[in-house]
Amino acid sequence: KGSLALSLWNFNKDRVFTLTPRRKQALLYVAAGYQLKEFARREKLAYETVRSHLRYARFVYQAPTSAAAVTRALHAGDITYEDIEALQPFKMKDYYE
């Protein structure tokens with residue numbers, strides 16, 4: 001077993017699958033801390049459709065969990081912290097002021 005950095009490097013080098021905009025959006029909602037049901041309600045999607053989007057995102061990033069898929073998507077540059085922050089209901093800097 002190699003280091004995490006080496007594993008991520010190999011993952012990025014060999015990746016051939018990409019996310020659709022909707023699957024990326026589902027991953028961003030998870031990263032922002034939303035529950036799947038909340039994402040489904042906001043986007044007027046069936047709950048099982050949302051689960052399917054996240055299952056595919058985990059497959060694309062070869063991740064065992066959605067949290068791991070978010071980490072790998074960030075590392076790959078497919079999502080950014082700014083994308084995640086834009087979905088959060090409050091900004092951390094506002095919370096602490």
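Author: The model is predicted. Its chain holds seven helices and zero strands, and the order of elements from the N terminus is α-α-α-α-α-α-α.

Reader: How many residues does the chain have, and what percentage of them count as buried?

Author: The chain has 97 residues, of which 27% count as buried. The chain exposes about 6600 Å², with carbon and sulfur atoms supplying 54% of that area.

Reader: Why are α3 and α4 called roughly perpendicular to each other?

Author: The axes of helix α3 (residues 36-43) and helix α4 (residues 47-60) cross at roughly 115° and come within 9 Å. Angles of 65 to 115 degrees count as roughly perpendicular, and α3 and α4 are therefore described in that way. The crossing in which α3 passes α4 is right-handed.

Reader: Which residues make the contact between α3 and α4?

Author: On α3 they are L36, K37, F39 and A40, and on α4 they are Y47, V50, R51 and L54. By class, six of the residues in this contact are nonpolar, none is polar and two are charged.

Reader: What makes α2 and α4 roughly perpendicular?

Author: Helix α2 (residues 21-31) and α4 have axes that cross at roughly 90° and come within 9 Å. The range for the term is 65 to 115 degrees, so α2 and α4 are roughly perpendicular to each other. From α2, the residues R22, R23, A26, L27 and V30 take part in the contact, and from α4, H53, L54, Y56 and A57. Of the residues in the contact of α2 with α4, six are nonpolar, one is polar and two are charged.

Reader: Does S66 count as buried or exposed, and how do you know?

Author: S66 lies in helix α5 (residues 66-76). Its relative accessibility is 17%. Buried means under 20%, and S66 therefore counts as buried.

Reader: Which residues does S66 touch, leaving aside those up to four places away in sequence?

Author: S66 touches L27, V30, L54 and R58. Of these, L27 and V30 of α2 and L54 of α4 also belong to the contact of α2 with α4. L54 of α4 takes part in the contact with α3 as well.

Reader: What percentage of contacts join residues at least 24 apart?

Author: The figure is 56%, among contacts in the chain between residues at least 6 apart in sequence.

Methods. Residues numbered from 1 in each chain as written. Predicted model: local features only at pLDDT ≥ 70, side-chain atom pairs only at ≥ 80, totals over all residues. Heavy atoms only, no water. Axes fitted to C-alpha atoms, helices over the stretch in contact; angles between N-to-C directions. Helix = DSSP H or I, 4+ residues; strand = E, 2+ residues; numbered from the N terminus. Parallel < 35°, antiparallel > 145°, perpendicular 65-115°, else oblique. Left-handed = near helix turned anticlockwise from the far one by under 90°. Contact = heavy atoms within 4.5 Å. Nonpolar A, V, L, I, M, F, W, Y, C, P; charged D, E, K, R; others polar. Buried < 20%, exposed > 50% of the residue type's maximum accessible area, 1.4 Å probe, protein only. Areas by Shrake-Rupley, 256 points an atom, 1.4 Å probe, with all protein chains shown as cover.
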